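Here is a short briefing to read alongside the model. Please have a look at the fold before going through the points below.

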Amino acid sequence: MKNYFKVAFTLLLFYGLPVLIYFLRNHDLSLTTWQLIPVVVGCAMLLITQPTITKADFENTKDRGSMIILLVTSWLGQWVLMIDWIFIRNMPDFQENNYAFYLGLMGMITGLTFRYIAIRELKENFTNTVGKITPTLIKTGPYSYLRHPSYTGAWLFLVATGVTLQGFWSTMIILILITGSYVYRVSIEEKFLISVFGEKYTDYQKYTWKLFPFIW
């Protein structure tokens, strides 16, 4: 129950508050606000499937701050998206031939689905921070070709939120922030996994990609 309360509070802070400020300033709320619903629902699902962050997560020195960096960049990107969509572009009207909205929606659904499959495959090995537990090397499901598929899914989802709300510059900012933070996280995690599994992991690296198939 506490986790759901935190999810609700987070969603209200990052999405509800900007909408409320817009309403108080303009005494009007655009009918196009419904476009925000898929983004909010998707972020709720992302948060619900994430383990509860504990004090031990913040004290884990093996993580080297990667969890905090991911949290800050993820939500900073969403703040930028909200400021752009609500205050700069004033909730633009929805157009029937708005292909960006549908493309973004497909990206969010694909990202969340792929992330969920990866989490199910990891089971208890899925944690907030690097080195919190002694992991088991998983090579099945999406891990047979990607070493960090849950990150791939989250990355796709977050970038797709910007595409859904048709914000070019906010999407570019999200892309830069999220890509940078996940590159850092992966570098920390790979070093840790090599220290744990040694040659088993370096052999695994030879026939898999880190985040993006055929790219990296």
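Which residues are buried in α5? They are Phe101, Gly104, Gly107, Met108, Gly111, Leu112, Arg115, Ala118, Ile119 and Leu122, where buried means under 20% relative accessible area with a 1.4 Å probe, protein chains only. This is a predicted model, in which local features need pLDDT of at least 70, side-chain atom pairs count only at pLDDT 80 or more, and totals for chains, interfaces and linings use all residues. Residues are numbered from 1 along each chain as its sequence is written, and side-chain values use heavy atoms, leaving out hydrogens and water.

**Overall fold**
- The chain has 8 helices and 0 strands, with helices being DSSP runs of H or I of at least four residues and strands runs of E of at least two, numbered from the N terminus.
- Buried residues account for 44% of the 216 residues.

**Helix α5**
- The buried residues of α5 pack against α2 (37-48) and α6, contact meaning heavy atoms within 4.5 Å.
- Just after α5, Lys123 has a positive phi of about 55°.

**The α6 and α7 pair**
- Helix α6 (residues 149-164) packs on helix α7 (residues 168-197) at an angle of about 170°, their axes 9 Å apart; axes are lines fitted to C-alpha atoms over the stretch in contact, and angles run from 0 to 180 degrees between N-to-C directions.
- The two helices, α6 and α7, are therefore roughly antiparallel (angles over 145 degrees).
- Among the residues making this contact are Trp155 and Leu158 of α6 and Ile178 and Tyr182 of α7.

Technical notes
Angles under 35 degrees count as roughly parallel, over 145 as roughly antiparallel, 65 to 115 as roughly perpendicular and the rest as oblique. Buried means under 20% relative accessible area, exposed over 50%, partly exposed in between (1.4 Å probe, protein chains only).
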